[in-house]
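Dear colleague,

Please find the structure below, handed over for your files.

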Amino acid sequence: MLQIQENVSLKNFNTFGIDVSAKYFVEISHEDDLVELFMDPQWAHTRRLIMGGGSNMLFKNDFDGLAIRINIRGIEHRINHEEVFVEAGAGEVWNDLVNYCVDREYAGIENLSLIPGSVGASPIQNIGAYGVELKDVFKSCRAFEIATGEFKTFTNEDCRFGYRESNFKGELKDQYIIVSVKLHLSLIPNVNLKYGAIEQELVNRNITSPTIKDVSRVVSHIRVSKLPDPSTIGNAGSFFKNPVISKEQFSPVQSKFPEVVNYPAGDAVKLAAGWLIEQCGWKGKVVGHTGTWKNQALVLVNHGGATGEEVYSLSSQIIDSVYRKFGVLLEREVNIIS
Ligand code: FAD
Ligand code: EPU
């Protein structure tokens with residue numbers, strides 16, 4: 001029997017540590033629980049929020065609906081020659097899945113080590129780090145359709161992955177609850193060292209033929225040196241996306257700021273938002289209970305007792321100042337819940 005709780009604090013369920021509550025709260029540990037939940041017409045017509053680890057959310061106020069926390073567990077794998085298919089429940093912690101694979105030397109997600117959050121949320125924004133995105137290894141996911149109560153499988157193509165994008169953030173938004181994710185990994189240890197910082201750290205450690213485990217360790221080390229640990233300083237990782245702009249838009253920016261950090265992105269150019277924000281003088285700045293992180297200006301933090309409104313207001317000020325200086329519009333990457 002499902003337990004629907006009332007007026008539940010979400011402070012420990014969002015990595016920003018914002019002190020808000022949900023009017024109703026339910027934890028789902030089996031996919032049948034979803035069928036049971038939505039058989040009750042009350043919930044089909046109540047505002048809903050699907051939650052994993054709450055590590056990519058900013059609550060502006062209390063949530064006046066039903067928060068559904070996905071806690072479906074289980075990891076299984078199947079090996080076919082040098083291919084490995086790993087399927088995990090949406091409620092598994094993403095980094096536990098990474099460790100499961102790294103320990104067994106299943107290659108493909110070691111560059112995504114230490115990303116917070118759940119397996120079920122990983123396709124939503126196509127998580128990415130250090131030269132790899134989920135889409136590079138994603139086979140399919142199984143999802144519950146709220147309107148029909150049916151389960152559907154989405155292939156990699158169906159998900160229309162892009163940089164911090166998927167169909168689940170677009171036309172399918174709020175219609176499906178992901179219950180499991182299947183990845184296509186490999187027994188061939190083809191490590192991906194495209195990201196300069198990884199190569200540099202391997203040199204520092206005198207590692208010339210890195211293994212999957214080496215890459216995972218190095219990525220974890222780099223992340224810890226740059227990013228605040230949410231268990232001590234509230235944050236949701238990068239608050240904004242790195243803006244992708246056309247070459248025409250980039251040209252005047254580059255003429256005026258030749259040192260602008262940028263990367264090719266197909267026909268367009270991706271700018272390092274952290275650099276833009278730092279150039280506007282925000283890096284490490286403390287504003288009331290909030291601010292930007294001292295080692296990474298792209299990360300907004302809760303220094304303790306911040307409200308979601310405060311963090312949001314700081315993000316608006318940053319957007320304004322970056323736009324005034326560079327004519328580039330930053331887009332929030334974190335999901336704003338209001
Ligand atoms: P939540 O915050 O709970 O939810 C995020 C979104 O997904 C919401 O819209 C929610 O409704 C939806 N959702 C969650 N679960 C489901 C489900 N089962 N079915 C349908 N919808 C669902 N991200 C990166 O891509 N790369 C990084 O390097 C990275 N580094 C980070 C570092 C730090 C310190 C932090 C705090 C965050 C970082 N992030 C990064 C962001 C975050 O880790 C990812 O977005 C992660 O996938 C969020 O998982 P979650 O379970 O916490 O999702
Ligand atoms: N930079 C600055 N100042 C800063 C921060 C960055 O000048 O304060 C410049 C530096 O030149 C640095 C460059 O920006 O070399 C890139 O910085 P970093 O390597 O830290 O990566 P990022 O582009 O800021 C992105 C992702 C991260 C991901 C890392 C590693 C986005 C929005 N963010 O950050 O993802 O971990 O690359 O791949 O794409 C997240 O999504 O939450 C997240 C942390």
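By class, the shell around ligand 2 consists of eleven nonpolar, five polar and seven charged residues; here Ala, Val, Leu, Ile, Met, Phe, Trp, Tyr, Cys and Pro count as nonpolar, Asp, Glu, Lys and Arg as charged, and the others, Gly among them, as polar. This is a predicted model, in which local features need pLDDT of at least 70 and side-chain atom pairs count only at pLDDT 80 or more, while totals for chains, interfaces and linings use all residues. Residues are numbered from 1 along each chain as its sequence is written, chains are lettered from A and ligands numbered from 1 in the order in which they are written, and side-chain values use heavy atoms, with hydrogens and water left out.

Ligand 2 has 23 residues around it, of which Y130, Y163, Y195, E278 and E333 come nearest; a residue is counted if one of its heavy atoms lies within 4 Å of the molecule.

- a backbone N or O atom of Y130, 2.7 Å from an oxygen atom of ligand 2;
- an N or O atom in the side chain of Y163, 2.7 Å from an oxygen atom of ligand 2;
- a polar side-chain atom of E278, 2.6 Å from a nitrogen atom of ligand 2.

On its own, ligand 2 has 820 Å² of accessible area (Shrake-Rupley method, 1.4 Å probe), and the protein covers 82% of that area.

Turning to ligand 1, I50, S55, P116, S118 and R223 come nearest among the 32 residues around it. This shell divides into 16 nonpolar, 14 polar and two charged residues. An oxygen atom of ligand 1 lies 2.8 Å from a backbone N or O atom of N56. A nitrogen atom of the ligand is 2.8 Å from a polar backbone atom of G128, and a nitrogen atom is 3.4 Å from an N or O atom in the side chain of R164. The protein covers 93% of the 970 Å² of accessible area that ligand 1 has on its own.

Finally, there is a helix pair to report. Helix α5 (residues 196-204) and helix α6 (residues 212-226) pack at an angle of about 105°, with their axes 10 Å apart; helices are DSSP runs (H or I, at least four residues) numbered from the N terminus, axes are lines fitted to C-alpha atoms over the stretch in contact, and angles run from 0 to 180 degrees between N-to-C directions. The contact (heavy atoms within 4.5 Å) is made by A197, I198, E201 and L202 of α5 and D214, V218, V219, H221 and I222 of α6.

With kind regards

Key. Helix = DSSP H or I, 4+ residues; strand = E, 2+ residues; numbered from the N terminus. Polar contact = N/O pair within 3.5 Å; in protein donor to acceptor, adjacent residues only side chain to side chain.
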